[in-house]
Amino acid sequence: MDMMDALIAGGWLMIPLLGCSLLATVIIIERLWTLRAKRIAPYGLGQEVCSLVARGQVNLYWLEGHSPLGGVLAAGLRNARLGHEQVRARLQEAATAVIHDMERFLSPLGTIAAITPLIGLLGTVVGMIEVFAVIVSADGAGRTAELAGGISRALVTTAAGLTVAIPALMFHRYFQRRVEDITVRMEEQAGQVVEFLAHYRGELGFSEQREAERPSAEARGS
């Protein structure tokens with residue numbers, strides 16, 4: 001039985017299973033690309049920000065565009081003059097938004113992993129009902145080959161459901177763990193900045209000039 005025969009044999013319930021398979025594939029590819037630790041929370045950014053603060057060279061617009069972690073740190077630095085409690089509060093709010101973005105599409109992926117075996121089981125039950133309808137018919141006892149083939153086809157939907165659910169569940173757990181690891185990395189680097197600000201006694205000076213504005217400003221000066 002090739003792939004097309006299996007799709008036909010599984011009946012109409014193979015359509016939602018195929019749709020779930022395509023959706024899960026798209027989500028997995030998108031999350032693999034998006035949930036890259038070096039894109040979200042690159043190593044060394046917290047230490048670099050501390051060095052820039054000490055030299056008075058922090059450009060908050062540059063920091064926001066650097067990475068999601070940079071946006072979190074920029075939110076905290078904008079409130080650095082209001083006290084450490086305000087810095088921590090703003091860091092927490094910004095980090096919550098980043099974590100929410102990292103968890104995007106994980107709930108649909110988990111739902112696919114949960115419902116596809118049930119859809120497959122439903123297809124098997126429907127197929128078995130049809131098989132037993134043949135058995136109770138007048139000439140059902142003499143159609144053993146047809147009955148065996150019917151049972152085989154009824155199990156196709158269960159196999160298809162498990163084929164979709166197993167990788168979806170594996171990647172769902174994997175992405176959850178990756179989000180946790182990236183969150184810990186963000187907390188560590190944000191903690192470095194908070195600790196630095198707590199002991200820093202110099203003047204805090206931040207630039208909020210957009211990169212695109214610099215050439216025009218220089219041209220006006222010349």
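1. Let's start with Glu103, which is partly exposed, its relative accessible area being 42%. (Buried means under 20% relative accessible area, exposed over 50%, and partly exposed in between, with a 1.4 Å probe and protein chains only.) Glu103 sits in the loop between H7 and helix H8 (106–135). Not counting residues up to four places away in sequence, Glu103 touches Arg31 and Val179, where contact means heavy atoms within 4.5 Å. From C-alpha to C-alpha, Glu103 and Leu35 are 9.3 Å apart in space, while 68 residues apart in sequence.

2. A word on the ground rules, since this is a predicted model: local features need pLDDT of at least 70, side-chain atom pairs count only at pLDDT 80 or more, and totals for chains, interfaces and linings use all residues. Residues are numbered from 1 along each chain as its sequence is written, and side-chain values use heavy atoms, with hydrogens and water left out.

3. Now the overall layout. The chain has 10 helices and two strands, and along the sequence these follow the pattern α-α-α-α-β-α-α-α-α-α-β-α. (Helices, H or I of at least four residues, and strands, E of at least two, are DSSP runs numbered from the N terminus.) Of the chain's 222 residues, 36% count as buried. Taking contacts between residues at least 6 apart in sequence, 78% join residues at least 24 apart.

4. Next, please look at helix H6 (residues 68–77) and helix H7 (residues 84–102), whose axes come within 7 Å and cross at roughly 155°. That angle makes H6 roughly antiparallel to H7. (Angles under 35 degrees count as roughly parallel, over 145 as roughly antiparallel, 65 to 115 as roughly perpendicular and the rest as oblique; axes are lines fitted to C-alpha atoms, for helices over the stretch in contact, with angles from 0 to 180 degrees between N-to-C directions.) The crossing of H6 and H7 is right-handed, meaning that the near helix is turned clockwise from the far one by less than a right angle. On the H6 side the contact uses Pro68, Val72, Leu73, Ala75 and Gly76, and on the H7 side Val87, Arg90, Leu91, Ala94, Ala95 and Val98. By class, that gives nine nonpolar, one polar and one charged residues. (Ala, Val, Leu, Ile, Met, Phe, Trp, Tyr, Cys and Pro count as nonpolar, Asp, Glu, Lys and Arg as charged, and the others, Gly among them, as polar.)

5. H6 also meets helix H4 (residues 45–55): their axes come within 11 Å and cross at roughly 35°. This crossing is right-handed too. Leu45, Gly46, Val49 and Val53 of H4 make the contact with Leu69, Gly70, Leu73 and Leu77 of H6. The classes here are six nonpolar, two polar and no charged residues.

6. Finally, which residues form one aromatic cluster? They are Phe171, Tyr174 and Phe175, and the structure holds two aromatic pairs. The rings of Phe171 and Phe175 have centres 5.9 Å apart and planes at 35°, so this pair is tilted. (Rings of Phe, Tyr and Trp, the last by its six-membered ring, pair if their centres lie within 6.5 Å; planes under 30 degrees apart count as stacked, over 60 as edge-to-face and the rest as tilted.) Phe171 and Phe175 are four residues apart in helix H9 (residues 144–199), so about one helical turn separates them. Phe175 is buried at 0% relative accessible area, whereas Phe171 is partly exposed at 29%. Tyr174 and Phe175 form a tilted pair as well, 5.6 Å centre to centre with 55° between the planes. Tyr174 is partly exposed, at 37% relative accessibility.
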